[in-house]
Amino acid sequence: MSPAGPALRELIAAPHPDVAPLPPAAHPAPDVRVLRGVPYGEVEGSRPLELDLWLPAAGNEPAPLVLFVHGGAWRRGRRDDMGLRTRHWSPGPLQRIAAAGFAVACADYRLSGEARFPAPLDDLRAALRWLSLRAAELGVDTSRTVLWGESAGGHLASLLALDPAVPAAGAVIWYAPSDLTVPRGPFDPHSAATPEALLLGAAPASVPERARAASPVAQAHRDAPPFLLVHGEQDTMVPATHSEALAARLREVGTRVELRMVPGADHGWYGAPDAVVEEVFVSSLRFARGLVT
C-alpha cells in the first residue's frame, strides 16, 4: 500500500462527533428548536450512535439538561419515544419539557442484540461526555442533569444516577426494573430467554456478579441524588415491587426518594385515564424542575 493509503482513509471518514458540525435546527415552536440525528459517539464495528436535542429558546443562562432514556426491554425502541400513552400528544412530551426550560437529549444506545451489559450504560455515559464537551456551543449546563427514563430506559437511567462519576441532579424513573437477581412477576433469573438474560448475555442466576452490577437496588448509596419513582399498581410486565424495593433501599441509605403508585395502571400507563397520565407527566416535570432551580 502506498503511503497515501492511511491518510486517505482518515480523509474520507466522517468527522469525529467531538468536532463534527451540528446539523441545522428545526423550529417546531417559537420557543423550541430541534437538532435530530446528532452523532455523539463511535464504537468500532457498530452503527453510529446518535441523539436528538430539543433546546429551549436561548436565554442568558445555560439550560439544565434532561437526558431521556427510552424503553423497549433493552431489545428495541426509539430514542424519542416516551411511551405508549404519550405518542399522540401535540406538542409531544419532549417538546413540552424543552418549553419548560430544559434542554432534552434523547440518545441511542446499543441494544441487547448488538452488545451485552454494560454496553448501553457505556453509551449513555458517552452521550453525557459529548454533551459536556459541546455544552457551551449548545447552551447546556450538564452540571444540572436530570436522568429520565421509562421501563428498560428507566433501569439504565437509575444506574446512571447511582454512578458516583455521573454528576446527576436527580432521576425521574417510570415503571422500571430495579433488581435482576430475584424472581418478580414473569421474570425468572434462571431463564436464558428473558430480556434481562439477553441484556446480560446469560441467565442472570448464572452470572450473579453481572446481575448485581445491573441491579439499581444493589447500587444504591448514601450520596445518590434524589429519585422520583412512579409505577402502575397493576403492572403485569415489570411488577410494582421493583419500584417499592428501590425506594426502600434508597430510604435505607438516606437518599431522598418519592414513590408514587398509579392505581389501575398497567405497564406504560395502559389502562389509566388520560387525565391521570397527563398529571403523572406534569408532576414528574415539576419534580425535575425542583432539582435544578
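Of the 293 residues of the chain, 53% count as buried (under 20% relative accessible area, with exposed meaning over 50% and partly exposed in between; 1.4 Å probe, protein chains only). The model is predicted: local features need pLDDT of at least 70, side-chain atom pairs count only at pLDDT 80 or more, and totals for chains, interfaces and linings use all residues. Residues are numbered from 1 along each chain as its sequence is written, and side-chain values use heavy atoms, without hydrogens or water.

Ten helices and nine strands make up the secondary structure of the chain (DSSP runs numbered from the N terminus; helices are H or I of at least four residues, strands E of at least two). The radius of gyration is 19 Å, close to the 19 Å that the globule rule gives for 293 residues, so the chain is as compact as a globular protein of that length (taken over C-alpha atoms; the rule is 2.2 Å times the number of residues to the power 0.38). Along the principal axes, the C-alpha atoms fill a box of roughly 60 × 50 × 35 Å. Among contacts with a separation of 6 or more, 71% join residues 24 or more positions apart (contact means heavy atoms within 4.5 Å).

Helix α3 (residues 119-133) packs against helix α5 (residues 152-161) at an angle of about 65 degrees, and their axes lie 10 Å apart (axes are lines fitted to C-alpha atoms over the stretch in contact; angles run from 0 to 180 degrees between N-to-C directions). Pro-120, Leu-121, Leu-124 and Arg-125 of α3 meet Leu-156, Leu-159 and Leu-160 of α5.
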